[in-house]
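Biologist: I'm new to this one. Could you walk me through it?

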Amino acid sequence: MMMINETLAALVAKAAEGRSRAYIPYSHYAVGAALLDEDGTIYTGCNVENASYGGTICAERTALVKAVSEGARRFTTICVMTENGGSPCGICRQVLYEFNPDMSVILASPSGAIVKIYTLRDLLPDGFGAEKLP
Ligand code: THU
């Protein structure tokens, strides 16, 4: 993965910042995300839960929707921070895949340690994308 340490450190710091804002009265499981656009902008996200549980949105999709609504679309990397190396859920994998199946996915721990690095294609092989539609 081509990324300079400075950018990686910034992404991890932003994922922690996002995670600190998690709204998690039900699960108490805080997730932070930091999504890097190719222009260098980092969009943060956190999970936002709801008393109607299905209304919950994950940190990854929060970051993505924030970014797209601000005009960004070309994402190179997402960093996700959880207490135990949790990886993006299936819905988030699909939603991220729409924008760049080859983006890097970095899992980080609250200490700032990198737990795992893979690409979205690793997480969603043979994914469904726009090219499959008639
Ligand atoms: N969660 C995320 O934010 N991202 C994931 O990819 C997995 C799950 C959140 C949703 C919910 O607020 C909590 O973690 C427990 O499922």
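This is a predicted model: local features need pLDDT of at least 70, side-chain atom pairs count only at pLDDT 80 or more; totals for chains, interfaces and linings use all residues.

Biologist: At what angle do the axes of helix α2 and helix α3 cross?

Modeller: Helix α2 covers residues 59-69 and helix α3 covers residues 90-97. Their axes come within 9 Å and cross at roughly 25°.

Biologist: So is α2 roughly parallel or roughly antiparallel to α3?

Modeller: Angles under 35 degrees count as roughly parallel. With the crossing at roughly 25°, α2 is therefore roughly parallel to α3.

Biologist: Which residues of α3 make the contact?

Modeller: On the α2 side you'll find Glu60, Arg61 and Leu64. By class, the contact has five nonpolar, no polar and two charged residues. From α3 come Ile91, Cys92, Val95 and Leu96.

Biologist: And the ligand: which residue has a polar side-chain atom 2.8 Å from an oxygen atom of the ligand?

Modeller: The residues surrounding the ligand include Asn47, Ala59 and Glu60. Asn47 has a polar side-chain atom 3.0 Å from a ligand oxygen, while Ala59 puts a backbone N or O atom 3.0 Å from a ligand oxygen. The side chain with a polar atom at 2.8 Å from a ligand oxygen belongs to Glu60.

How values were computed: Residues are numbered from 1 along each chain as its sequence is written. Side-chain values use heavy atoms; hydrogens and water are left out. Axes are lines fitted to C-alpha atoms, for helices over the stretch in contact, and angles run from 0 to 180 degrees between N-to-C directions. Helices (H or I, at least four residues) and strands (E, at least two) are DSSP runs, numbered from the N terminus. Angles under 35 degrees count as roughly parallel, over 145 as roughly antiparallel, 65 to 115 as roughly perpendicular and the rest as oblique. Contact means heavy atoms within 4.5 Å. Ala, Val, Leu, Ile, Met, Phe, Trp, Tyr, Cys and Pro count as nonpolar, Asp, Glu, Lys and Arg as charged, and the others, Gly among them, as polar. A residue is near a molecule or strand if one of its heavy atoms lies within 4 Å of it. A polar contact is a pair of N or O atoms within 3.5 Å; within protein, one must be able to donate a hydrogen and the other to accept it, and residues adjacent in sequence count only if both atoms are side-chain atoms.
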